[in-house]
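Biologist: I'd like to go through this model with you and check where each label comes from. Shall we start once it's on the screen?

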Amino acid sequence: MTREGLTRMTKVELVVRGADARAARELLSTSGASGYTAVSNVSGLGHHGYHEGRLLFNDEAVLDLLIAVMPEDRSDGLIAALRIFLSDKPGVMFVSETFVSRPEYFV
Amino acid sequence: MTREGLTRMTKVELVVRGADARAARELLSTSGASGYTAVSNVSGLGHHGYHEGRLLFNDEAVLDLLIAVMPEDRSDGLIAALRIFLSDKPGVMFVSETFVSRPEYFV
Amino acid sequence: MTREGLTRMTKVELVVRGADARAARELLSTSGASGYTAVSNVSGLGHHGYHEGRLLFNDEAVLDLLIAVMPEDRSDGLIAALRIFLSDKPGVMFVSETFVSRPEYFV
């Protein structure tokens with residue numbers, strides 16, 4: 001693939017408890033993501049945190065998966081904000097590279 | 001990870017309104033994707049498009065997330081077709097790299 | 001993006017029939033993934049397998065999407081196990097790179 005005409009972006013996927021999803025969405029909106037996609041009612045098991053010595057999620061937990069895409073130069077601030085957000089609650093964040101066709105939508 | 005025995009592919013994720021999902025699925029099938037996975041009833045907020053000066057999605061929009069994986073040499077055509085498809089409607093497309101174990105399934 | 005403070009991991013996405021999801025979850029847990037996220041009731045069409053000459057999934061199939069993230073050095077074993085698991089049933093596996101903020105959760 002040439003990826004001609006596509007623009008490199010950072011994709012942040014966030015898995016949080018349903019109860020924390022509203023706050024997470026607000027944080028995304030105020031921390032550099034111009035939008036997001038939300039998949040509700042996902043479930044999860046694990047992960048072990050060594051500080052806790054217990055599961056981060058159990059199998060019955062109702063979780064939300066939030067997907068936000070933003071320009072690279074904006075992602076550092078968002079990731080820092082999410083790190084603080086997650087510091088006192090269950091949740092995981094996956095950061096990866098993606099390419100989009102309409103970069104102006106994500107600014 | 002060695003990725004030994006895995007084959008590099010292009011993954012296209014498409015977020016469109018539920019009302020556009022059928023047409024999008026047909027376009028995927030006729031433009032180079034041998035299959036797809038669909039996650040229905042996702043929601044979304046944003047993104048700003050500078051031509052519009054308004055939100056691409058509002059929070060109540062019922063969206064579909066379609067995931068298609070294909071060989072790299074086939075993705076350029078599909079991406080071009082999706083770009084045209086999206087030119088007059090809301091929606092975003094994320095293109096990334098992935099690896100699969102059974103490449104013959106995606107041809 | 002600097003990815004400062006983030007740790008590179010391997011993400012495995014698995015799409016299997018709902019009927020195979022329990023076995024797949026158990027396999028993930030016993031083969032190196034400390035946790036996973038599951039999106040239920042997704043649908044899929046395709047993909048062609050040349051051995052079968054038929055669709056891997058039809059449009060009515062009820063599928064599960066399982067997402068597991070693990071350290072790179074653990075992913076080879078998991079991928080090998082999943083390859084055997086998928087050898088006699090429908091399903092696809094996507095392997096990609098991702099970065100996380102709390103690597104200890106995935107060990």
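Predicted model: local features only at pLDDT ≥ 70, side-chain atom pairs only at ≥ 80, totals over all residues.

Biologist: What rotation superposes chain A on chain C, and with what shift?

Modeller: Chain A goes onto chain C by a rotation of 120° with 0.0 Å of shift along its axis, at RMSD 0.0 Å. The copies use different surfaces, though: 6% of the contact residues of chain A recur in chain C.

Biologist: How many residues of chain A and chain C are in contact?

Modeller: Contact means heavy atoms within 4.5 Å, and 34 residues of chain A meet that with 27 residues of chain C. Chain A and chain C bury about 2400 Å² between them, 50% of it on carbon and sulfur atoms. On the chain A side, His47(A), Phe94(A) and Val95(A) lose the most area to chain C, together 23% of what that side buries. Buried area here is the accessible area (1.4 Å probe) that two parts lose on being put together, summed over both.

Biologist: Now the helices. Why are helix 1 and helix 2 of chain A called roughly antiparallel?

Modeller: Helix 1 (residues 18-30) and helix 2 (residues 72-86) of chain A pack at about 155°, with their axes 10 Å apart. Angles under 35 degrees count as roughly parallel, over 145 as roughly antiparallel, 65 to 115 as roughly perpendicular and the rest as oblique. So helix 1 and helix 2 of chain A are roughly antiparallel. The axes are lines fitted to C-alpha atoms, for helices over the stretch in contact, and angles run from 0 to 180 degrees between N-to-C directions.

Biologist: Which residues make that contact in chain A?

Modeller: Asp20(A), Ala23(A), Ala24(A), Leu27(A) and Leu28(A) from helix 1 of chain A, and Leu78(A), Ala81(A), Leu82(A) and Phe85(A) from helix 2 of chain A. By class that gives eight nonpolar, no polar and one charged. Ala, Val, Leu, Ile, Met, Phe, Trp, Tyr, Cys and Pro count as nonpolar, Asp, Glu, Lys and Arg as charged, and the others, Gly among them, as polar.

Biologist: And chain C: which residues of helix 1 meet helix 2 there?

Modeller: Ala23(C), Ala24(C), Leu27(C) and Leu28(C) in helix 1 of chain C meet Leu78(C), Ala81(C), Leu82(C) and Phe85(C) in helix 2 of chain C. The classes come out as eight nonpolar, no polar and no charged residues. Helix 1 of chain C covers residues 21-30, and its angle to helix 2 of chain C is about 155°.

Conventions:
Residues numbered from 1 in each chain as written. Chains lettered and ligands numbered in written order. Heavy atoms only, no water. Helix = DSSP H or I, 4+ residues; strand = E, 2+ residues; numbered from the N terminus. Least-squares fit on C-alpha atoms with pLDDT ≥ 70 in both.
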